[in-house]
Amino acid sequence: MKSKKINALVLFSGGLDSMLAAKILEAQGIAAVLICFESYFFSCAAARDSAAAIGMKLRVEDISRPHLEIVRNPAHGYGGAINPCIDCHLLMLKTAKAIMDKEGFDFVATGEVLGERPMSQNRQSLDTVERESGLSGILLRPLSAKLLPETLAEKNGLVDRGKLCDISGRSRKVQMDLAREFGITRVPQPGGGCILTETDYGQRLKKLISIKPDFDGSDAEVLQHCRPIWEGNVLFAVARNQADCAALKGPAKPGDFLFEPQNFPGPVVLARNFGAEAGQEEIEPLGKKYLLQYSKKPPRNPEISILKM
Ligand code: SF4
């Protein structure tokens, strides 16, 4: 009789640890489905490259809306910048659990390593997210499994505990050895986290929250692609380069003003009014002023188009 294939859902960031977790399970004959999450603050670009590098398929889930909620109001608070890492991690695990329950996966796995990140991967944090995500006993961490309590999948013989690892700490030596064993030649550099961990972006978003606590995804995106200048409750988002110019046109929404130079090179400026007090007659001269201020050599008679969205 043909035995049932074991199916695992593997949270996949695209980092080396998650690549190894997937390969360790695959080496046991387990069908590992890689899952990556996208939001307004991070994409699956690195995960796509890493999945392709190890010849495995990647499933992408958009968690933008619930993730925005936790950035606005994280139950476990922020890390060093405006990164709600505990709640973000919980959201990913809860989403994975919902998919597991709905689609009949046998367990969920991650590439977490005990003690690799002092705050989020110590024993207490691992236990907390496992419990709060509803994955107690069904969350397998193949890289550190032998240092952690046996999961149901191991107890029930779905996974051979003897072939799992006992890695802990910040050294990547064992991971590099494993990468060689699995023939992984493209080893990504360890990542520092998403844009929410960046101090500068954290300050931008905190300023926005002080003005508009229920900011939306478009507001968060605009702040990623500009030099922000605040005039009261009006944001003048000045593009810093060509990529910003293109990106600022994407999230423009009704009520915005888009300033664009016509007869000279210069930045696109997006003006977004978060209050009621500033009118068009005040916003227009300021938008033109900042556009000219950040243009290298504006002509004597600059032509600037103003589009009211
Ligand atoms: S660094 Fe960003 S993506 Fe990673 S857990 Fe923290 S908030 Fe989430």
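Predicted model: local features only at pLDDT ≥ 70, side-chain atom pairs only at ≥ 80, totals over all residues.
Visitor: How many bridges join strand 1 to strand 4?
Guide: Strand 1 covers residues 7-11. Strand 1 also pairs in the parallel sense with strand 2 (residues 31-38), over 5 bridges. With strand 4 the run is parallel too, and the number of bridges is 3.

Visitor: Which residue of strand 2 is the bridge partner of Leu-9?
Guide: Leu-9 has a residue opposite it in strand 4, Val-108. In strand 2, the bridge partner of Leu-9 is Val-33.

Visitor: Where is Thr-110 found, and is it buried or exposed?
Guide: Thr-110 is in the loop between strand 4 (107-109) and helix 5 (123-132). Its relative accessible area is 3%. The limit for a buried residue is under 20%. Thr-110 is therefore buried.

Visitor: Which side chain makes a polar contact of 2.6 Å with the side chain of Thr-110?
Guide: Set aside the neighbours within four places in sequence, and Thr-110 touches residues including Leu-11, Ala-21 and Leu-93. Leu-139, Leu-140, Arg-141 and Pro-142 are also among its contacts. The polar contact of 2.6 Å is with the side chain of Glu-112.

Visitor: What is the relative accessibility of Ser-144?
Guide: Ser-144 sits in the loop between strand 5 and helix 6. Beyond four places in sequence, its contacts are Glu-112, Val-113, Leu-114, Cys-165, Asp-166 and Ile-167. Ser-144 counts as buried, because its relative accessibility is 0%.

Visitor: Is the disulfide of Cys-36 and Cys-44 left-handed or right-handed?
Guide: A search of the whole structure finds 1 disulfide. The sulfur atoms of Cys-36 and Cys-44 are 2.1 Å apart, and both residues are buried. The torsion about the S-S bond is about -105 degrees, so the disulfide is left-handed.

Visitor: How many charged residues are in the shell around the ligand?
Guide: The ligand is surrounded by Phe-42, Pro-84, Cys-85, Cys-88, Gly-193, Cys-194 and Thr-197. By class, 5 are nonpolar and 2 are polar. The number of charged residues is none.

Visitor: Is Cys-194 buried or partly exposed?
Guide: Cys-88 and Cys-194 both belong to the ligand shell. Cys-88 has 12% relative accessibility and counts as buried. For Cys-194 the value is 22%, so Cys-194 is partly exposed.

Visitor: What separation do the C-alpha atoms of Gly-162 and Lys-146 have?
Guide: Gly-162 lies in the loop between helix 6 (152-155) and helix 7 (173-181). Gly-162 is exposed, because its relative accessible area is 53%. Gly-162 and Lys-146 are 16 residues apart along the chain. Their C-alpha separation is 8.1 Å.

Visitor: How many Å apart in space are Glu-26 and Asp-256, C-alpha to C-alpha?
Guide: Glu-26 belongs to helix 1 (residues 16-27). It counts as partly exposed, at 35% relative accessibility. In sequence, Glu-26 and Asp-256 are 230 residues apart. In space, the distance is 50 Å.

Visitor: What share of the residues in the chain is buried?
Guide: The chain has 11 helices and 10 strands. Its C-alpha trace spans about 80 × 40 × 40 Å along the principal axes. Of the 309 residues, the buried share is 47%.

Visitor: Among contacts between residues at least 6 apart in sequence, what percentage join residues at least 24 apart?
Guide: A contact here needs heavy atoms within 4.5 Å. Among the contacts in the chain that meet the limit of at least 6, the share joining residues at least 24 apart is 63%.

Technical notes. Residues numbered from 1 in each chain as written. Heavy atoms only, no water. Near = heavy atom within 4 Å. Nonpolar A, V, L, I, M, F, W, Y, C, P; charged D, E, K, R; others polar. Helix = DSSP H or I, 4+ residues; strand = E, 2+ residues; numbered from the N terminus. Buried < 20%, exposed > 50% of the residue type's maximum accessible area, 1.4 Å probe, protein only. Polar contact = N/O pair within 3.5 Å; in protein donor to acceptor, adjacent residues only side chain to side chain. Disulfide = S-S within 2.5 Å. Pairing = 2+ DSSP bridges.
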